[in-house]
Amino acid sequence: MEETKETKICKYCQTEIPKKAKICPNCKKKQGGKLKWIIIAVVVVIIIAAVAGGGGDDKPKKVADSNTSAEKETNKKDETDKAEKKEETIFKVGETAE
């Protein structure tokens, strides 16, 4: 049987080298590089996910009720005034507006 030698072309000097060679025997340059592209792709995907996700801290935080009793009474008065004004604008059948 004939032994088939698998070869590839050097990325730099374009000579035929053994397929498993990590360094070209002719120009002495490294032939690898797939791992760095995989790492770069993973980093880019993580960055895109972080930008698109926004970090997830967009929810508003609860604020403690810091109204004083005077502010609470003022708010209650405002609400009752609004309710009274609303009642004034409701007309019954037969009434006329001035």
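These questions and answers cover a predicted model of one protein chain.

Residues are numbered from 1 along each chain as its sequence is written. In this predicted model, local features need pLDDT of at least 70, side-chain atom pairs count only at pLDDT 80 or more, totals for chains, interfaces and linings use all residues, and side-chain values use heavy atoms, with hydrogens and water left out.

User: Which pattern does the protein chain follow along the sequence?
Analyst: The chain holds 2 helices and 2 strands. Both kinds are DSSP runs numbered from the N terminus: helices are H or I with at least four residues, strands E with at least two. Read along the sequence, the pattern is β-β-α-α.

User: Which element of the protein chain has the lowest mean pLDDT?
Analyst: pLDDT is the predictor's confidence in each residue, from 0 to 100. The chain mean is 78, and 67% of residues reach 70 or more. Where pLDDT is low, the predicted coordinates should not be read in detail. Strand β2 has the highest mean, 95, while the lowest, 68, belongs to helix α2 (residues 69-88).

User: What percentage of the residues of the protein chain count as buried?
Analyst: Buried means under 20% relative accessible area, exposed over 50%, and partly exposed in between, with a 1.4 Å probe and protein chains only. The chain exposes about 9,900 Å², with carbon and sulfur atoms supplying 58% of it. Of its 98 residues, the buried part is 5%.

User: Is Q31 buried or exposed?
Analyst: Q31 sits in the loop between β2 and α1. Not counting residues up to four places away in sequence, Q31 touches several residues, including K8, Y12, I17 and C24. A contact here means heavy atoms within 4.5 Å. Because its relative accessibility is 5%, Q31 counts as buried.

User: Which residue lies over the face of Y12?
Analyst: A charge sits over a ring if NZ of Lys or CZ of Arg is within 6 Å of the ring centre and within 35 degrees of the ring normal. The distance from the ring centre of Y12 is 5.2 Å, and the residue is K29.

User: Where is Q14, and is Q14 buried or exposed?
Analyst: Q14 is not a glycine, yet its phi is positive, near 60 degrees. Its place is the loop between β1 (7-9) and β2 (16-18). Relative accessibility is 53%, so Q14 counts as exposed.

User: What is the relative accessible area of K28?
Analyst: K28 lies in the loop between β2 and α1 (34-53). Its phi is positive, about 65 degrees, although K28 is not a glycine. K28 is exposed, with a relative accessible area of 61%.

Notes: Accessible areas come from the Shrake-Rupley method with a 1.4 Å probe; for residues, only the protein chains shown count as cover.
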